[in-house]
Amino acid sequence: MTTNQRDHPSIIQADGEYLAAIATGGFYPGVLLFRSPDLARWEQLPHPLEQLEIPESGVLRGPALSYVDGVYHLLYSTVLSAGGHGFADSLIFHLRAPSPHGPWSPPELLHAKGFQPSLYHEAGRSYLLWAEWDHRPGRDSFGGTWAQEFDRGARRLTGRAHPVRGGDRGARLHRRAGWYYLVAEGIALARSPHLTGPFHPDPHGALVAGGGAGCLIEGRAGEWWLTAWPADGCALGPETVVRAVEWAGDGWPRVGGQRPRINPTAPDPAHLADDFDATELAFCWQSVRRPPDPGWLSLGERPGWLRLRADESPASRHRVSLLARHQHQDCEFTAVLDAQPTHFQQLAGLIHYTDHTRWHWLHLTHHEHLGRCLAVLTSDNGQLGAPADPLPWPSGPVWLRALIQHGELRFTASADGGSWTGIGPPLPVARGFLGVCATDLTGARLVCDVDRMSLRPLSTPR
């Protein structure tokens, strides 16, 4: 379905179409929304968290969609302290909207007890489920799945919380043929005739080996689907696959070999090239922690160009002027940009970015003897390296390119988009984002203008 380095998507079928929510970790916008007519072609929707600024060291995890009585509900958790030090400070928020296009309500904090929230709706009532986190030394950190009634009108929890099943790292609840089914991380299933249990595990074991935190989806015609990670994984990050579910005579689900049928008229979700001629930024672009705003990004100051005003370096966890999109497994990414640095602490160029400690950056900068030049900086778990000598470069726009194949990245550059020069050696890459980053530590706020960014997949997800 998709290749990315985010959480598993939460997918539901509602009002005749499929909707998916995917967390973006430390990247703005926090949660991405998509819709599909057939579980195979996906179109991105407006962001539900438009003005969210992700706290330092915080990450968004585990979004969960649901739909009841004409209203869409979205849950997510912001994890502030998951560093292996006992506490997690995992804040669970709720939003709602009359349409997947919005408008979405402001996030409402429900509690900070754990992870992997989900909502289950039945007979006019709703229940919040979550994986309880136990910070006490000597205890199992994952305190099992808990449930508590949720008042949708008041957007608050009511009554007392009930332990549903111990040991699970979060679970989603489904009902079929008189049974309640819990789908937990690892695609482990358990069922009970009662909503609060006791739940008994599937005697056949997990549906998919190493399947991660998947979900069951009931289709338009009553068919069922399962999302999971494939057992053989993906070198550049989790790859989510969708498989048909068949219900055995004993009432337990089994994974079949059928895949969703592709509707040839469905929209293609990929904005593979952007000339920045529009007045609003395309949904495919993401930024680090802070939302795009006129203080550092503009589409109007130089019409037909994206203007970035440089801030802190990509090693910072605060104000980084970086705009990127997720890479395909093997791909070619090209950026056309213009910047005139006059100091070595001014840098602007194409970046492959995983997080603030892991990135590769082909950039324009200034050298005291060479003038404007191209250089490469890399960060390997925070250790800075310069694998290539600076290369003098003439004034004017520059074409920068990253070619990713078989886990290696190669940088090239061109002054005209036709004749290309290799810059530096092959570099190892894992999952990450490709885009443009601009840094200025002098206080002058270097301007970096971007005429075009394009991504050409060289392979497709399985």
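# Reading strands, rings and charges in a predicted model

Modeller: Let's start with a pair of strands: β28 (residues 331-339) and β34 run antiparallel and are joined by seven bridges. Please keep in mind that this is a predicted model.

Biologist: Happy to. What holds strands of a sheet together in general?

Modeller: Strands of a sheet pair through backbone hydrogen bonds, and the pairing is either parallel or antiparallel. Here you can follow it residue by residue: E332 has L403 in β34 as its bridge partner.

Biologist: Which other strand is joined to β34 by seven bridges?

Modeller: That is β35 (residues 408-414), which runs antiparallel to β34. Look for Q405, which stands opposite E408 in β35. The hairpin of β34 and β35 has two residues between the strands, and H406 takes a positive phi near 55° there.

Biologist: Which residues of β34 lie on the covered face, and which on the uncovered one?

Modeller: In strand β34 (residues 398-405), V398, L400, A402 and I404 make up the covered face. The uncovered face carries W399, R401, L403 and Q405. One of these, R401, has its charged end over the ring of W420, 4.0 Å from the ring centre.

Biologist: Now a whole sheet. In what order do the strands of the sheet with β7 and β10 come?

Modeller: The order is β7-β8-β9-β10, an open sheet of four strands with antiparallel pairing. At the edges stand β7 (59-68) and β10 (108-111); each has a single partner strand, so one side of each is left without a neighbour in the sheet. On average, neighbouring strands in this sheet are turned by 25° against each other, direction ignored.

Biologist: How many bridges pair β7 with β8?

Modeller: Eight bridges, with β7 and β8 (residues 71-79) in the antiparallel sense. A handy place to look is R61, which stands opposite S77 in β8.

Biologist: Which are the edge strands in the sheet that runs from β15 to β18?

Modeller: That open sheet also has four strands, in the order β15-β16-β17-β18, and its pairing is antiparallel. Its edge strands are β15 (171-176) and β18 (200-201), each pairing on one side only. Strand β17 (residues 188-192) pairs with β18 over two bridges in the antiparallel sense, and R191 stands opposite H200 there.

Biologist: On to the rings. How many aromatic pairs does a search of the whole structure find?

Modeller: The search finds 12. To read a pair, check the distance between ring centres and the angle between planes; an angle over 60 degrees counts as edge-to-face. F115 and W133 have ring centres 5.4 Å apart and planes at 80°, so this pair is edge-to-face. The two residues are 18 apart in the chain, with F115 in strand β11 (residues 114-122) and W133 in strand β12 (residues 125-133).

Biologist: Is F115 buried or exposed?

Modeller: F115 counts as buried, at 15% relative accessibility. W133 is partly exposed, with a relative accessible area of 25%.

Modeller: Next, take Y181 and W252, an edge-to-face pair with 6.1 Å centre to centre and 85° between the planes. Y181 lies in strand β16 (residues 179-184) and W252 in the loop between β21 (239-247) and β22 (253-255), so the pair ties together parts 71 residues apart in sequence.

Biologist: Which residues are linked with R302 in a network of salt bridges?

Modeller: The network links R302 with E301, R307, R309 and D449. R302 and D449 meet through their side chains in a salt bridge of 3.0 Å, N to O. They are 147 residues apart: R302 is in the loop between β25 (297-298) and β26 (306-309), and D449 is in strand β38 (residues 447-457). R302 is partly exposed at 29% relative accessible area, whereas D449 is buried at 5%. R302 also lies over the face of W305, 3.7 Å from the ring centre.

Biologist: And what is the distance in the salt bridge of R309 and E301?

Modeller: It is 2.6 Å, N to O. R309 counts as partly exposed at 24% relative accessibility, and E301 is partly exposed at 39%.

Biologist: Finally, how many disulfides are found?

Modeller: A search of the whole structure finds zero. Take C448 as an example: the nearest cysteine sulfur, that of C437, is 9.0 Å away. C448 is buried, with a relative accessible area of 0%.

Definitions and conventions
Residues numbered from 1 in each chain as written. Predicted model: local features only at pLDDT ≥ 70, side-chain atom pairs only at ≥ 80, totals over all residues. Heavy atoms only, no water. Pairing = 2+ DSSP bridges. Axes fitted to C-alpha atoms, helices over the stretch in contact; angles between N-to-C directions. Phe/Tyr/Trp six-rings, centres within 6.5 Å; stacked < 30°, edge-to-face > 60°. Buried < 20%, exposed > 50% of the residue type's maximum accessible area, 1.4 Å probe, protein only. Lys NZ or Arg CZ within 6 Å of the ring centre and 35° of its normal. Disulfide = S-S within 2.5 Å. Salt bridge = Lys/Arg side-chain N within 4 Å of Asp/Glu carboxyl O.
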